[in-house]
Amino acid sequence: MENSLIRYSISLAAALIFAPLLPGIINKVKAFFAGRRGPRLTQLYSDLAKLLKKEAVISSNSGGIIRIAPSIQLAFTIGAAAMLPLGFSTSPLAFAGDALLFFYLLGTCRLLTVLAALDTGSSFQGMGASREVHFSALAEAAVFAVLAALALFTNSCDLGGMLCLTGMESWYEFTPVMLLALAMFLVLLAENCRVPFDDPETHLELTMIHEAMILDYSGIDLAAILYTSALKLWIFASFITTLLIPAGVFSFWGEAVLSLAGVLISAVIVGIVESSMARYRFLKVPPLLIAALVMPVLAVIFQLFFNGGVR
């Protein structure tokens with residue numbers, strides 16, 4: 001128990017410290033495919049250090065939501081990270097049904113981003129908020145379909161029991177898990193505003209989603225937003241990694257190392273995806289999220305007909 005708590009604490013500290021590396025890895029991969037040198041892996045650390053030294057400027061037209069949104073989002077995202085079974089160690093905050101609280105914390109962060117964007121009174125931020133809500137509603141359906149499938153597979157309603165699956169003996173036992181992981185990867189791209197759902201590097205306001213909603217942030221508030229985005233990416237990557245790596249197969253500390261490596265590899269895969277395809281038109285995004293909703297249903301059907309049903 002004590003070793004498990006130590007491993008969990010180290011894994012949580014690694015998530016909080018190394019989360020800003022993920023955008024750097026993605027940018028390095030994209031630069032490699034484009035034949036460029038690209039920014040440094042630690043570029044986001046430098047940006048955060050500069051922003052923390054600057055004062056936040058708040059528009060006089062805005063109310064109080066934009067002032068408190070960044071700090072609440074940061075706190076809720078750290079709380080969500082603390083609930084994950086990081087390094088295959090159960091969180092001290094775990095309880096029955098914590099999976100619902102986990103995703104609702106992240107959903108509240110998204111809600112605050114949208115409300116703060118509307119609080120500014122900007123038409124561009126209003127367009128970004130409208131698109132964010134539309135896509136997030138579809139992504140949320142896919143997320144809860146994945147949770148329902150995992151609850152059926154594991155007969156558990158807490159994150160530790162859902163994600164830390166035992167070893168798979170054959171490919172057809174692993175197929176439902178792969179379908180769930182693929183659905184969550186699509187959700188990862190959508191929730192973190194990555195290609196093909198959004199382009200974080202766009203400078204055209206008419207096509208922005210997430211970037212449009214944070215145009216009015218500056219200084220320490222913008223630093224909180226950027227760090228929260230990086231930590232959110234780490235959370236989704238860790239969720240998928242823990243789901244894919246069978247628990248109890250590797251050594252005690254080997255699982256923690258594999259978990260960390262899986263998160264970094266997830267960032268590489270995101271970079272490859274963004275390098276090999278363009279952003280989708282807005283009308284093509286909903287069908288892709290509906291496909292993410294269908295995958296958990298297919299996983300349950302596969303489990304019922306080929307793996308002898310659910311527990």
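Modeller: In α10, W234, A237, S238 and T241 meet L258, S259, L260, G262, V263 and S266 of α11. Contact here means heavy atoms within 4.5 Å, and helices are DSSP runs (H or I, at least four residues) numbered from the N terminus. This is a predicted model, where local features need pLDDT of at least 70 and side-chain atom pairs count only at pLDDT 80 or more, while totals for chains, interfaces and linings use all residues. Residues are numbered from 1 along each chain as its sequence is written, and side-chain values use heavy atoms, with hydrogens and water left out.

Colleague: At what angle do the axes of α10 and α11 cross?

Modeller: Roughly 120 degrees, and the axes come within 9 Å. Axes are lines fitted to C-alpha atoms, for helices over the stretch in contact, and angles run from 0 to 180 degrees between N-to-C directions. The two helices are therefore oblique to each other; under 35 degrees counts as roughly parallel, over 145 as roughly antiparallel, 65 to 115 as roughly perpendicular and the rest as oblique.

Colleague: Cavities next. How many of 30 Å³ or more turn up?

Modeller: Two, from a search of the whole structure. On a 1 Å grid over the protein atoms alone, a cavity is a set of points where a 1.4 Å probe fits but cannot get out, and a pocket is an open set with protein on both sides within 12 Å along at least five of seven lines; lining residues have an atom within 4 Å of a point. Grid points are joined across faces, edges and corners, and a volume is the space filled by probe spheres set on the points.

Colleague: What lines the second largest cavity?

Modeller: L22, L188, L233, A237, V263, S266, A267 and V270. α11 gives the most, four residues, and the lining has seven nonpolar, one polar and no charged.

Colleague: And the largest pocket, what is its volume?

Modeller: About 890 Å³. It is lined by 37 residues, with R194, P200, E211, L226 and S229 nearest its centre. α10 gives the most to that lining, eight residues.

Colleague: Where is the cis peptide bond?

Modeller: It joins V195 and P196, with omega about 10 degrees.

Key
Ala, Val, Leu, Ile, Met, Phe, Trp, Tyr, Cys and Pro count as nonpolar, Asp, Glu, Lys and Arg as charged, and the others, Gly among them, as polar.
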